[in-house]
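Here are my notes on the model you sent. They are set out as numbered points, to be read with the structure open.

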Amino acid sequence: MSARTKRMKKTSWGARERAGMSFLIVVAFFAVFGLIILTEVLMIDDRGRAGSIIVRHGSSGGRFGESVPDYDDVKDDYLDDTGIFVRETKYGGAAVKNILKNQKDLKNSIGISVQTDSAEPRNPPVVPWGQMLPSKIEQTLPGFPADMKPTDGSWEIVNGTRYKFFVFSAFYDRRDGKLVRVIGATKTRGPEKVWCRFWYQTGVNSTKYRSASVMARVKIIRENWNLKYSACFILCPIRGPYPEIPHAVSVVSKIRAAPGNVLMLRNTDNDPDFTNRTFSNIPNSIGVCVKPLHFNYDQALYLLEFLELNNLLGVSHFTFYNHTIGPKASCVLQHYANGDLPQHIAPYEDAVSPARTANSSSSSSGVSLADTTDAPYHMPTKYNEDNTAQLKPKITVNILPWNLRMRSQKEIRTEGLFASLNDCLYRSMYRYSHVALIDLDEFIIPHHNDTLIDLITWLSKRINNRNTGAYSFQNAFFYLQFADDEQMYSGPGTQLNLRSALTTQRKTRRRSKLHPQKQRSKYICKPEAVIEAGNHFVWEFCPGRGSLNVPADAAILHHYRVCEFGGDDCIKTPSVVDRTAHRYSKRLLDRVGTVYNYLKDTCSLPDVPRAPTKPPPMRRKELKIRIPLKPEVEKRVTDADKTHPNGVSDVSQEPVTAPVEVILKTR
């Protein structure tokens, strides 16, 4: 074999070897890539099951935009096929020994197998979510804390957890079986496992309680910005030897530890506000849920406007969460909560003392009629046509403290507002047929109806809303940087100051383009149809319920705020004048004026600011421009003079253009 042939064979062998290596590298690359993709899919699926992060959208359009629930994973959240391993950290050493000792009881009551050949079994006993502890084990647990009274609407700590874990309120949810739903706040990802201990009174007025414990499930409430902590539900099914409804519940992390909280169970016969109602016999009524008031909110006059205008719109109850509210606003809310308000509505021009009226009418006093708006309250002197005084509709207010010990926007989103929204949702259930979840600077204003109940009734006649669980309204920004309405500079002197101080009367220019649904939108829902409430839309409905997108020509959300991105560039956007809220002007002025004058001295309210004077019309500058005659025209005029036989110019034959003066008016 020649040297050339040997070199060729060696070269071809090297080429085949390199090709084989390249093929192996490509195969290895795709194998690693596929392994990474498979791992990510499994991790995402695991996170979705643990923290309810993965959701499935589903919507189908109908008339007026009616849709099915946004998330249809309701059933997955209530399955009890999730096993929870029972270890010494959960039970304590003594309880584990009892479990191992009473394995026969465990087999009969739970249906599991345990190993007794070691202190730490290879396959530890499993207690599924929702499984009650056996009665023999329950008898060894700490009893009811005698030094604690059941609380409602107060943040309490869950002892023994590695991370922050608080609970606020507990509700009996009887829509799908028997379930205790606790509102709380805890770690967003991988929340710690907890137990629910039910407390049953042994007699009508007895102070002794028997207990039953169940493994709970922590369900994180969505829309948390991936912060460390989130609002959550603690779900505790009622099963086992005591199927009746408990009187109170405690959430504990270690079953052998003494409870650090005792929550009164609401929506039961033990609840003083519960009248054994069902969804079918609740009268048409609307409650309003307002998220926690913060930043030392103390705008008392605007608070009066919010309460009275919503009452005109058909709202009868308000739920507030007091985070950092100022003294004046707190005084106003407390008077509403206590019912300490005038019983009759005085026409605002009559809410003026005679002495001040005399001074105001005197030309020598120098006091105008507009200065009489801060007079003390007097009983009305005017009556309706049937000689009955105009009674003030009753408004009920519930104020709950909100002292959640988590840093807002750093640990949890906006003071844990989703805990407050869902607490208000379940607190209103069985009491009001509808609940509106709005902010203090928002009003849902119908266009063709006087009240929101009338609007809902009108919509039900135009569309079959049997499956409707919520009514969604598009958002319209009424930027506060827009100029005030021109009508604020004219009107009766006794009403001018107050009317110009009311935001809904003063600001009538809004952004032309409305936000689409689910962006800045707000809604009115039926509490029994909602499982999880969100800020701008319902996250989770009961099966078969959905949201109805209300047409913009029927009603929109009036949102009064400054430019959302700072500065004043928002006023450059296309806008229109919308005076729909002026339909309530007279009644709103009478109501706000009556309550304001009644509470002015008691709550140390400031005087109503004077109405701004109408700005003078802007003078337009005049720019004068003289346009001289063109030379061709002058030449034609001269030639005509020379050719005329009499030496006189004939103007009619050749008109002469005089110098033109143009005036341009500019601002």
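**Notes on the predicted model**

1. Strands β16 and β24 (residues 555–561) run antiparallel and are joined by 5 bridges. One of the residue pairs is E442, whose bridge partner in β24 is H559. Please bear in mind throughout that this is a predicted model.

2. β16 and β24 belong to an open sheet of 3 strands with mixed pairing, in the order β16-β24-β18. Each of β16 (442–446) and β18 (475–479) has a single partner strand, so these two stand at the edges and one side of each has no neighbour in the sheet. On average, neighbouring strands here are turned by 30 degrees against each other, direction ignored.

3. The other sheet to look at is an open one of 7 strands, again with mixed pairing, ordered β14-β13-β12-β15-β20-β17-β23. Its edge strands, β14 (396–401) and β23 (546–549), pair on one side only.

4. C289 is found opposite T319 in β13.

5. Two helices deserve a look against these strands. α6 lies across β12, β13 and β14 and runs at about 150 degrees to β13. α10 (residues 452–462) packs on the sheet, where it touches β12, β15 (434–437), β17 (468–473), β20 and β23. The direction of α10 makes about 115 degrees with that of β17.

6. The largest pocket holds about 940 Å³ of space. It is lined by 36 residues, of which K291, H294, D439, D441 and H559 are the closest to its centre. H559 is also the bridge partner of E442 noted above. The elements giving two or more residues to the lining are α6 (300–312), α12 (503–506) and β24.

7. Is H515 buried or exposed? Its relative accessible area is 12%, and the cut-off for buried is under 20%, so H515 counts as buried. H515 sits in the loop between β19 (509–511) and β20 (522–525). Its side chain makes a polar contact of 3.1 Å with the side chain of N475. Leaving aside residues up to four places away in sequence, H515 touches Q474, N475, F477 and R520.

8. For the protein overall, there are 14 helices and 27 strands. Of the 667 residues, 48% are buried. Among contacts between residues at least 6 apart in sequence, 78% join residues at least 24 apart.

Note on methods: Residues numbered from 1 in each chain as written. Predicted model: local features only at pLDDT ≥ 70, side-chain atom pairs only at ≥ 80, totals over all residues. Heavy atoms only, no water. Helix = DSSP H or I, 4+ residues; strand = E, 2+ residues; numbered from the N terminus. Buried < 20%, exposed > 50% of the residue type's maximum accessible area, 1.4 Å probe, protein only. Polar contact = N/O pair within 3.5 Å; in protein donor to acceptor, adjacent residues only side chain to side chain. Contact = heavy atoms within 4.5 Å. Pairing = 2+ DSSP bridges. Axes fitted to C-alpha atoms, helices over the stretch in contact; angles between N-to-C directions. 1 Å grid on protein atoms, 1.4 Å probe; cavity = no way out; pocket = protein on both sides within 12 Å on 5 of 7 lines; lining within 4 Å. Points joined across faces, edges and corners; volume = space filled by probe spheres on them.
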